[in-house]
Amino acid sequence: MSVTAAKGFTAAGIAAGIKENGGADLALVVNNGPNRAAAGVFTANRVKAAPVLWSQQVLKGGRVSAVVLNSGGANACTGAPGFQDTHATAEKAAEVLGDGHSAGEIAVASTGLIGERLPMEAVLGGVGTAAGALSAHGGEKAAIAIKTTDTVHKTAVVESPAGWTVGGMAKGAGMLAPSLATMLVVLTTDADLASPALDEALRSATRTTFERIDSDGCLSTNDTVLLLGSGASGVVPDAAEFAEAVRAVCDDLGRQIVRDAEGASKDIRVEVVGAASEADAEEVGRSIARNNLLKCAVHGEDPNWGRVLSAIGTTSAAFEPDQLNVSINGVQVCRGGAVGEDRDKVDMRFREVRITADLSAGTESAVIWTNDLTADYVHENSAYSS
């Protein structure tokens, strides 16, 4: 049930008329309490969409009573009028939701084409329609309504034996090179926790999940991840158990995003081991993941380990070239910076490809997920705006 799996939440997803194709394009998620604790992380892109700027202000208060999300338009690079549109959306939501809701506690998130204003008559009318359709079973429809180039909607749930739940929904298929978040994600929990505890768990989770997806090297203007807490279970969870549940939901959603990346035919798990620091491991992993020549080779099922070493060599990480080792799908094709096992032993017929780079410089590691580069990816992104 996605964001409505946790007690205290209702949601809706409707077709408001934002998308020209008439598909579902507006979602509303409401925290019915008794608590309205919240935390959020946002894009590190210096060019931030109006909804990001608005929601960052809202999160400073540590309370969110509802989230309005739309697909069909990013409301990014739209200037002061775009920010006013976001404000108007929050005000409309507060109006239709009634007592206990104020615009200053309503987050807004948008996704779609950058540089165009939203059709506000459709947006505001849609907010009213969505409010009338709210349901404890509306999580799936909400997840469907935030899709853009996604081929499937994405939801995940973890239920604790202690009696509390973490649920979530996500959209994401392109512009996936996040810093703190990946596209639009709403997580909910009925655990009884204050905003600082939610914030700690969320930042810890996103650091090793959403932040480690690097599908196409493009950082969105709209990335938003929100965690809302209703406290409706009445259970105060063990901090470590709760943090792991949030991480597990984020990891599940992140893997679904990787599998649905635009045009991809391979999911590539890049693991860097033997690094002097975690920062080194992440830098090397991201360099490998962003190497277009390697991504093309993987698409062609060619275990071209030389492109892995080339990518490693562009980083500032600590390593010696003659101590590098690379394995592809378990076959050590590079040993000591030179030829290893016969590359013909590497079987790359299946969807998942695993690349392990050993820097032989320490004990730290990191995993980055990426995809191959395909003609379908180029076609989809060349035709996207139409």
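R286 is buried, and D214 is buried as well, where buried stands for under 20% relative accessible area, exposed for over 50% and partly exposed for values in between (1.4 Å probe, protein chains only). The model is predicted: local features need pLDDT of at least 70, side-chain atom pairs count only at pLDDT 80 or more, and totals for chains, interfaces and linings use all residues. Residues are numbered from 1 along each chain as its sequence is written, and side-chain values use heavy atoms, with hydrogens and water left out.

The structure holds 23 salt bridges, a salt bridge being a side-chain nitrogen of Lys or Arg within 4 Å of a carboxyl oxygen of Asp or Glu.

| Salt bridge | Closest N and O atoms |
|---|---|
| D150 and K154 | 2.7 Å |
| R286 and D214 | 2.9 Å |

R286 and D214 form a salt bridge. This pair links distant parts of the chain, 72 residues apart: R286 lies in helix α7 (residues 278–289), and D214 in the loop between α5 (195–208) and β9 (224–229). Helices (H or I, at least four residues) and strands (E, at least two) are DSSP runs, numbered from the N terminus.

R247 and E244 are separated by about one helical turn, because they stand 3 residues apart in helix α6 (residues 239–259). R247 is partly exposed, with a relative accessible area of 28%, and E244 is partly exposed at 39%. Elsewhere, salt bridges that share partners join R207, R212, D214, E278, E282, R286 and R290 into one network.
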